[in-house]
Amino acid sequence: MDFDPGFSITVKSDPMGFAYGGDTYGPQPELRALDAIRPSLMDPNCSGPEHVYCIAMDVARKEHQEDLENRNLLYGVVTYAKGKLGQEPIRSQGHIHAVSASCGASTCEVYEIWDGEACIYMQESGSDDAERCFAVYGKAGDVIIVPPGWVHATVNASPDRAMTFGAWCIRDYGFDYKDVRRHRGIAFFPVFEDGKLIWKRNETYRSGTLTEKAAREYPEFGLTAGVSIYKQYEQDRERFRFVTNPLEFSQLWQNYEP
């Protein structure tokens, strides 16, 4: 990998999966099939890899397991296949984080790109007016934060190589797909044209504005650029309290821009 996540893990490609080092624990990885996301693609009948990505939720160093459980904090790891889904990149279908019982709110997600090129797409609303939409491009070592209540989807921005990321989220996470499925996808479809990733409006939405931008730093969240988000948890175990208790940090989400 191009970036050290801060714990011992190996990403496998054929088949997709993960191997954990002796000081690291994690579950049996789960594969997500193309057929599961077809209804949210621009072309539901497109061809592409049988499995689009592989996910392992609750990965960490063994010495931190009890502390992470007590904090209700969860680390997930995902690797995306290379290739295309018809004209579209390899991507997820998109969802909103459901309200978690532990905090009474939809929660954010803190992405960290490990390998390859990523684009985290997010839109402010799942209603007919998607409002502000962002396509945020990241490379190895970049962090991208999706705020509570926003629709978001993860995109492998390069068809020629796999993409892998890690992320902090809440342990009692849940996914709400109904708005995305009602619109048969996100508000802007990513499409490769002449080797470039462009965005085409999903006409089932009434309105929405798209901004493309590079990943930025997040000093207002107390994050340090260039240091893995796992190591930052080790340095200060309260650092990601905004993930598990978003209502305490409402000022961070007001007029948020990724």
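Q: Where does Pro 15 sit?
A: In this predicted model, Pro 15 is in the loop between S1 and strand S2 (16-20).

Q: What makes the peptide bond that joins Asp 14 and Pro 15 a cis bond?
A: Look at omega: for the bond joining Asp 14 and Pro 15 the angle is about 0 degrees, and the bond is cis. Most peptide bonds are trans.

Q: How do you know whether His 64 is buried or exposed?
A: Check the relative accessibility. His 64 comes out at 1%, and buried means under 20%, so His 64 counts as buried.

Q: Where is His 64, and which residues is His 64 in contact with?
A: His 64 is in the loop between strand S6 (60-61) and helix H2 (65-71). Leaving aside neighbours within four places in sequence, His 64 is in contact with Tyr 230, Tyr 233, Glu 234 and Arg 237. Contact here means heavy atoms within 4.5 Å.

Q: How do you know whether Asn 255 is buried or exposed?
A: Asn 255 has 74% relative accessibility, and exposed means over 50%, so Asn 255 counts as exposed. Asn 255 is found in the segment after helix H6 (250-253), and phi of Asn 255 is near 55 degrees, again a positive value in a residue other than glycine.

Q: How do you know that strand S12 (residues 118-123) and strand S13 (residues 129-138) pair?
A: Count the bridges. S12 and S13 have 6 of them, in the antiparallel sense, and two strands pair with at least two bridges, so the pairing passes.

Q: What joins S13 to strand S20 (residues 207-214), and in which sense do S13 and S20 run?
A: S13 and S20 are joined by 7 bridges and run parallel. Here the bridge partner of Tyr 137 is Ala 214 in S20.

Q: What makes strand S11 (residues 109-115) and S14 a pair?
A: The bridges again: S11 and S14 have 4, in the antiparallel sense, and at least two are needed, so S11 and S14 count as paired. In this pairing, Glu 112 stands opposite Val 143 in S14.

Q: Which way do the residues of strand S14 (residues 143-146) point?
A: Val 143 and Ile 145 point one way, while Ile 144 and Val 146 point the other way. Both sets of residues are buried.

Q: Which residues have the most contacts inside the largest nonpolar core?
A: They are Val 110, Ile 145, Trp 168, Phe 221, Phe 240 and Phe 242, in a core of 57 residues. Apart from that core lies another one of 18 residues, among them Ala 130, Ala 135, Ala 157 and Leu 197. In soluble globular proteins, nonpolar side chains tend to be buried together.

Q: What is Trp 168 in contact with, leaving aside neighbours within four places in sequence?
A: The list includes Leu 68, Leu 73, Leu 74, Tyr 75, Val 110, Tyr 233 and Phe 240.

Q: What makes up the lining of the largest pocket?
A: The lining has 25 residues, of which Tyr 53, Ile 55, Tyr 80, His 95 and Phe 175 lie nearest the centre of the pocket. The lining residues divide into 15 nonpolar, 7 polar and 3 charged. S7 gives the most, with 4 residues. The space in this pocket is about 380 Å³.

Q: How big is the second largest pocket, and which strand supplies the largest share of its lining?
A: The volume of the second largest pocket is about 150 Å³, and S1 supplies the largest share of the lining, 3 residues. Among the lining residues are Met 1, Val 11, Lys 12, Ser 13 and Tyr 80. The lining divides into 6 nonpolar, 3 polar and 3 charged residues.

Methods
Residues are numbered from 1 along each chain as its sequence is written. This is a predicted model: local features need pLDDT of at least 70, side-chain atom pairs count only at pLDDT 80 or more; totals for chains, interfaces and linings use all residues. Side-chain values use heavy atoms; hydrogens and water are left out. Buried means under 20% relative accessible area, exposed over 50%, partly exposed in between (1.4 Å probe, protein chains only). A nonpolar core is a set of buried Ala, Val, Leu, Ile, Met, Phe, Trp, Tyr and Cys residues joined through side-chain atoms within 4.5 Å. On a 1 Å grid over the protein atoms alone, a cavity is a set of points where a 1.4 Å probe fits but cannot get out, and a pocket is an open set with protein on both sides within 12 Å along at least five of seven lines; lining residues have an atom within 4 Å of a point. Grid points are joined across faces, edges and corners, and a volume is the space filled by probe spheres set on the points. Ala, Val, Leu, Ile, Met, Phe, Trp, Tyr, Cys and Pro count as nonpolar, Asp, Glu, Lys and Arg as charged, and the others, Gly among them, as polar.
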